Amino acid sequence: MSTEQEHPKKAFGWAARDSSGVLSPFNFSRREMGEKDVTFKVAYCGICHSDLHLIKNELESTEWGASTYPLVPGHEIVGVVTEVGSKVEKFKVGDKVGVGCMVGSCHSCDNCANNLENYCPRWIPTFGGKYHDGTTTYGGYSDIMVADEHFVVNIPDNLPLDGAAPLLCAGITTYSPLRYFGLDKPGMHVGVAGLGGLGHVAVKFAKAMGVKVTVISTSPGKEEEAIKHLHADSFLVSRDEDQMQAAMGTMDGIIDTVSANHPLLPYIDLLKSHGKLVMVGAPEKRPELPVFPLLMGRKIVAGSCVGGMKETQEMIDFAAKHNVTADIEVIPIDYVNTAMERLAKTDVRYRFVIDIGNTLKPSS
C-alpha cells in the first residue's frame, strides 16, 4: 500500500526549550510526506552523549554550531513503517526500520556519489538542522518519524529493536573505522580506548570480526566487565606506567572513543610500525600531536565520523548475523531528564534507550 500525505503530520515528543537542557512535552508538525518518504511509528530511541551536549548548547564553539530551540533530540531511532510514498521502493508498511544521525545530503558531491553521505558538506542532521524545504528537523524523542527512504535502514527481524537503536550511532561510529582502516582481519590486535557507549560496541564488533581486543581504560574497576562480560582478550590501565610500557609496540590499531581531554602519546606508543590511532570521540580541547613518534614507525593518527547509508545497512546486517546489540537500560520518557543527569556523570551501562512506543503519551 502506498500513500502520500498532502499536509504536515501532527507529532508529539519531548523538547528542550533553552540551554538549561530540561526536556518537556512538545507538540509539533512533521514535514509534508513526499513520494520518496517513509513514515514510521517510533518504538525506541537511544540517548547519545551528543544529545546532552546539544540540548545544553555546549557545542556552540565547535563545528556543530549553536543549538536552535525548541530542540527534539534523538538520532538512534527505530520503529515500524506505517506509510510509504508512491515512489518508495525499499520499504513497505509493517517493516522494521531505523534512522541514524542524518536525514539528508546533496546527492551530487563526490562524497555522496561514493556512498559517503556522512561527509557531504551539506548533510542534514536528524535533529536541529534545516531540511531541503526549510523545515526544522526534529529527532526521535517523538511518536512518529518521516524520512527519505535513502536515509532509512532495514532492521532484520532477529535483531531486537531496543538493543539495535544505539547501533545507528554508536555502532556505525565504531564499525566504520574498523572496516575502513583494515582493523578487521582475524588475528590482528586492536585496542579500544574507553569503555562506554561507543567503546563497548567497538569491543563487540571487533570480537565478531575475529580480532584480538585489548580494552584501555583509566578505570581499573572496569577490567572484570571488559574481560568476563564483553570477552575482551586483555585490559590495560592507561595510568599504570608498567602496564603501558609492557604493551608498547603491540597493537595494529586503536579505536579511541574517549571524549574527555587526554594525551595521545601513550596510545601512539602502543602501536606497532604502520599502526593506526583512530579518533572517534570528540574531546573539547584540541590535543597535542607529537610528530616524532609518528615518524619513527610510519604511524597514523586519523579520525572517523559515523558512516554512509550503504555501510550503515551493512553494519546492521553484520550485527544481526553475529548477534551484536548494545547493552542498554530501557527507560520511560518521563525519566529522560534524570537520565540526562546520570549520563553527565557517566552513570549508565552503557546506553539509555527510551521506550517511546509504550510510554510517550500525547498531551491534552
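## Enclosed spaces

By the rule used here, this predicted model holds two cavities of 30 Å³ or more. Rolling a probe the size of a water molecule over the atoms shows where empty space is left. Here the search runs on a 1 Å grid over the protein atoms alone: a cavity is a set of points where a 1.4 Å probe fits but cannot get out, a pocket is an open set with protein on both sides within 12 Å along at least five of seven lines, and a lining residue has an atom within 4 Å of a point. Grid points are joined across faces, edges and corners, and a volume is the space filled by probe spheres set on the points.

The largest cavity has a volume of about 130 Å³. Of the 14 residues that line it, R30, R31, T136, T137 and V146 are the closest to its centre. Strands β2 (23-30) and β8 (144-148) each give at least two lining residues, and β8 has the largest share, with four. (Helices, H or I with at least four residues, and strands, E with at least two, are DSSP runs numbered from the N terminus.) By type, the lining of the largest cavity divides into six nonpolar, five polar and three charged residues. In this sorting Ala, Val, Leu, Ile, Met, Phe, Trp, Tyr, Cys and Pro count as nonpolar, Asp, Glu, Lys and Arg as charged, and the others, Gly among them, as polar.

The second largest cavity contains about 90 Å³ of space. Its lining includes V99, F151, L168, I172 and M309. Nine of the residues in this lining are nonpolar, three are polar and none is charged.

Now to a space that is open. The second largest pocket holds about 230 Å³. It is lined by 14 residues, and L116, Y119, S176, Y180 and E311 are the closest to its centre. Helices α4 (170-180) and α10 (309-322) each supply at least two residues of this lining. The pocket lining has four nonpolar, eight polar and two charged residues.

## Helix α4

Which helix residues are hidden here? The buried ones in α4 are A170, G171, I172, T173, T174, Y175, S176, P177 and L178. Buried means under 20% relative accessible area, exposed means over 50%, and partly exposed is in between (1.4 Å probe, protein chains only). Because nine of the 11 residues of α4 are buried, this helix is largely enclosed by the rest of the structure.

The buried residues of α4 pack against β10, α5, β13, β14 (271-279), α10 and β17 (351-355), with contact meaning heavy atoms within 4.5 Å. After α4 comes G182, whose phi is positive, near 70 degrees.

Strand β10 (residues 189-193) is mostly covered, with five of its five residues buried. H189, G191 and A193 point one way from the strand, while V190 and V192 point the other way.

Strand β10 pairs in the parallel sense with β11 (residues 212-217) over five bridges; two strands pair if DSSP finds at least two bridges between them. Four bridges join β10 to β13 (residues 251-256), and these strands also run parallel. A193 stands opposite I216 in β11 and opposite D256 in β13. Together, β10, helix α5 (residues 197-208) and β11 make a right-handed β-α-β unit. Right-handed means that, with the strands pointing away from the viewer, the path from the first strand over the helix to the second runs clockwise.

## Backbone details worth a look

The peptide bond from Y69 to P70 is cis, with omega near -5 degrees; P70 is in the loop between α1 (49-55) and β4 (77-84). The bond from R349 to Y350 is cis too, with omega near -5 degrees, and Y350 sits in the loop between α11 (336-344) and β17.

N57 is not a glycine, yet its phi is positive, about 55 degrees. N57 is buried, with a relative accessible area of 19%. H231 also has a positive phi, near 65 degrees, and is found in the loop between α6 (223-229) and β12 (234-237).

## Reading the model

Residues are numbered from 1 along each chain as its sequence is written. In this predicted model local features need pLDDT of at least 70, side-chain atom pairs count only at pLDDT 80 or more, and totals for chains, interfaces and linings use all residues, while side-chain values use heavy atoms, with hydrogens and water left out.
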